[in-house]
Amino acid sequence: MTTITPTLRLYRLPVSGHCHRVELMLSLLGLTYEVVHVDLLAGEQRRPEFLALNPLGQVPVLVDGDLVLSDSNAILLYLVLRFAPDGHWLPPGPVGAARLQRWFSLAASWLDGVASARFAGLVGRPVEERSLVQGRHLFDFMEAELEHRDWLLEGAEPSLADISLYSYSSQAGMGGLALDPYPRIRAWLARVEALPGFIALPDRL
């Protein structure tokens with residue numbers, strides 16, 4: 001892969017799993033980037049200058065020159081297509097693209113139960129039972145998918161599916177979702193954490 005030193009700016013809340021998946025990808029690709037902290041608890045995402053970047057008032061936001069992108073999975077796709085298009089992060093062909101999209105959809109839906117439970121644990125609020133049920137349902141599915149392979153998609157190396165699902169899954173225990181019943185998921189998390197350039201998701205506000 002050709003070494004490129006881009007001028008990238010990432011607006012993020014460090015403890016957010018959505019932001020972490022982008023920052024993790026930046027680090028795994030060895031890219032140089034500037035970080036701008038956005039304090040969601042203080043309402044900084046509602047300031048006019050931030051809403052000018054993302055009218056939805058959500059992080060992460062990636063700025064690359066004149067380009068402004070939001071949505072973590074969209075940013076993951078952009079980073080890989082721009083900086084590592086010949087790498088292993090994107091599965092080849094229409095079937096591979098469809099299978100990746102399925103994981104992206106799960107990261108935007110079923111993973112929310114894991115994320116919600118983690119956030120409740122992070123700020124000391126009661127965890128809703130529906131979040132736990134949703135999280136266990138996703139983990140049951142992931143555990144079965146990992147029965148015959150090391151990564152969420154077929155292949156000898158990780159893909160964007162793994163990056164998209166890793167962050168919140170890695171701290172599921174903070175929200176009462178124990179990973180003890182899921183040995184394959186635990187082994188998968190360890191494989192992600194062994195990747196060169198890995199950075200951990202903060203576990204405190």
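**Backbone, fold and core of the chain**

Q: Between which two elements does the loop that holds P60 lie?
A: The model is predicted, so local features need pLDDT of at least 70, side-chain atom pairs count only at pLDDT 80 or more, and totals for chains, interfaces and linings use all residues. Residues are numbered from 1 along each chain as its sequence is written, and side-chain values use heavy atoms, without hydrogens or water. Helices (H or I, at least four residues) and strands (E, at least two) are DSSP runs, numbered from the N terminus. On that numbering, the loop with P60 runs between α2 (48–51) and β3 (61–64).

Q: Is the peptide bond from V59 to P60 cis or trans?
A: Most peptide bonds are trans. For V59 to P60, omega is near 5°. This bond is cis.

Q: What is phi of D71 near?
A: D71 is in the loop between β4 (67–70) and α3. Most residues other than glycine have a negative phi. D71 is not glycine, yet its phi is positive, near 80°.

Q: How does D71 count by relative accessibility?
A: Buried means under 20% relative accessible area and exposed over 50%, with partly exposed in between (1.4 Å probe, protein chains only). D71 has 45%. It therefore counts as partly exposed.

Q: What pattern does the chain follow along the sequence?
A: There are 8 helices and 4 strands. Read in order, they give β-α-β-α-β-β-α-α-α-α-α-α.

Q: What radius of gyration does the chain have?
A: The radius is taken over C-alpha atoms, and the globule rule is 2.2 Å times the number of residues to the power 0.38. For 205 residues the rule gives 17 Å, and the chain comes close to it, so it is as compact as a globular protein of that length. Its radius of gyration is 17 Å.

Q: Which residues touch the most other members of the largest nonpolar core?
A: A nonpolar core is a set of buried Ala, Val, Leu, Ile, Met, Phe, Trp, Tyr and Cys residues joined through side-chain atoms within 4.5 Å. The largest has 50 residues. The residues touching the most other members are M25, L79, W89, F139 and W188.

Q: Which residues is L79 in contact with, leaving aside neighbours within four places in sequence?
A: Contact means heavy atoms within 4.5 Å. With those neighbours set aside, L79 contacts L8, V22, M25, L26, L29, L31, L62 and A84.
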